[in-house]
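Hi,

Here's the structure I said I'd pass along.

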Amino acid sequence: MSVRIKVSYTEELELAKLQRRLAPGIERCRLPKEQKGEHKRAYIDWNSNASDQEKKENLIPNYERSPEELREMGRKGGIASGEARRKKRDLQREVKHWFKVFEDLEKRDGMRTAEILNKLEKEMAKRERSPGEAGKNAEKA
């Protein structure tokens with residue numbers, strides 16, 4: 001989005017400070033030829049997308065990277081991927097284990113299982129309402 005800002009200032013230093021703050025997005029700063037009175041004017045064309053463009057300029061495309069650098073990035077990505085897969089696998093194992101435990105409990109004592117499920121549902125509803133407090137309560141238990 002592009003915006004034209006009309007600036008009124010008394011000292012050149014004020015305009016310079018403003019220009020430094022808006023620097024990444026300034027497309028143009030125009031000063032009128034005649035400045036009458038104690039207040040001077042400036043017109044700044046500012047583009048809010050310029051800061052996004054500046055971020056993109058900091059990215060280095062893969063074709064400009066060395067083979068060693070690409071290899072290292074791939075290695076780090078592989079390690080992170082493996083950690084994520086192991087975490088997912090462990091979580092799935094835990095869920096399967098709890099399903100088996102609940103199945104066995106349900107076979108032995110259906111009423112007790114229903115009570116436990118109701119308590120779990122209430123606890124989950126509590127966590128949805130206040131995620132921060134529920135996490136603290138779980139750590140205490």
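Below is what turned up, starting with the ground rules.

This is a predicted model, so local features need pLDDT of at least 70 and side-chain atom pairs count only at pLDDT 80 or more, while totals for chains, interfaces and linings use all residues. Residues are numbered from 1 along each chain as its sequence is written, and side-chain values use heavy atoms, leaving out hydrogens and water.

Strands first (DSSP E runs of at least two residues; helices are H or I runs of at least four, all numbered from the N terminus). β3 (residues 40–47) pairs antiparallel with β1 (residues 2–9) over eight bridges, and also antiparallel with β2 (residues 26–30) over four; pairing takes at least two DSSP bridges. Ile44 in β3 is the bridge partner of Ile5 and also of Cys29.

Ile44 turns up again in the largest nonpolar core, along with Val7, Tyr9, Leu15, Leu22 and Ala42. A core here is a set of buried Ala, Val, Leu, Ile, Met, Phe, Trp, Tyr and Cys residues joined through side-chain atoms within 4.5 Å, and buried is under 20% relative accessible area, exposed over 50%, partly exposed in between (1.4 Å probe, protein chains only). β1, α1 (12–22) and β3 each supply at least two of this core's residues.

Leaving aside residues up to four places away in sequence, Ile44 touches, among others, Leu18, Ile26 and Arg28 (contact: heavy atoms within 4.5 Å).

Elsewhere, Val95 is in helix α3 (residues 67–108), and Val95 counts as partly exposed because its relative accessibility is 38%.

Cheers
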